[in-house]
Amino acid sequence: MENNEFYLLNLWLREHERNLAWLSRRLEIHRVTLSKWKKNNKIPHIGKLAISKVTGATMEQLWEEV
């Protein structure tokens, strides 16, 4: 699998019929912030923790390298 921090997260979002706009609202951050993370293919660790909390998925489910 390619080294893409959003690959498994995108799969989770698609499976649960959610998108980045939904995620940005749940995280209470601007959607541009998520877009920058995606463009740079880099999610800060604190962002990963928050994403795990709002999705209910584990870090291991969303990011294999953890």
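Glutamate 64 sits in the segment that follows helix H5 (59-62), with helices taken as DSSP runs of H or I of at least four residues and strands as E runs of at least two, numbered from the N terminus. At 55% relative accessibility, glutamate 64 counts as exposed; the cut-offs are over 50% for exposed, under 20% for buried and partly exposed in between (1.4 Å probe, protein chains only). Histidine 16 lies 48 residues from glutamate 64 in sequence, and the C-alpha atoms of the two are 19 Å apart.

The model is predicted, so to speak of local features takes a pLDDT of at least 70 and side-chain atom pairs count only at 80 or more, while totals for chains, interfaces and linings use all residues. Residues are numbered from 1 along each chain as its sequence is written, and side-chain values use heavy atoms, with hydrogens and water left out.

Overall, the protein has 5 helices and 0 strands. Its radius of gyration is 11 Å, close to the 11 Å from the globule rule for 66 residues, so the protein is as compact as a globular protein of that length; the radius is taken over C-alpha atoms, and the rule is 2.2 Å times the number of residues to the power 0.38. Buried residues make up 36% of the 66.

As for helix H4 (residues 45-55), its buried residues are Gly47, Lys48, Ile51, Ser52, Val54 and Thr55. They pack against helix H1 (7-15), helix H2 (20-27), helix H3 (31-40) and H5, contact meaning heavy atoms within 4.5 Å. Just after H4, glycine 56 adopts a positive phi of about 80°.
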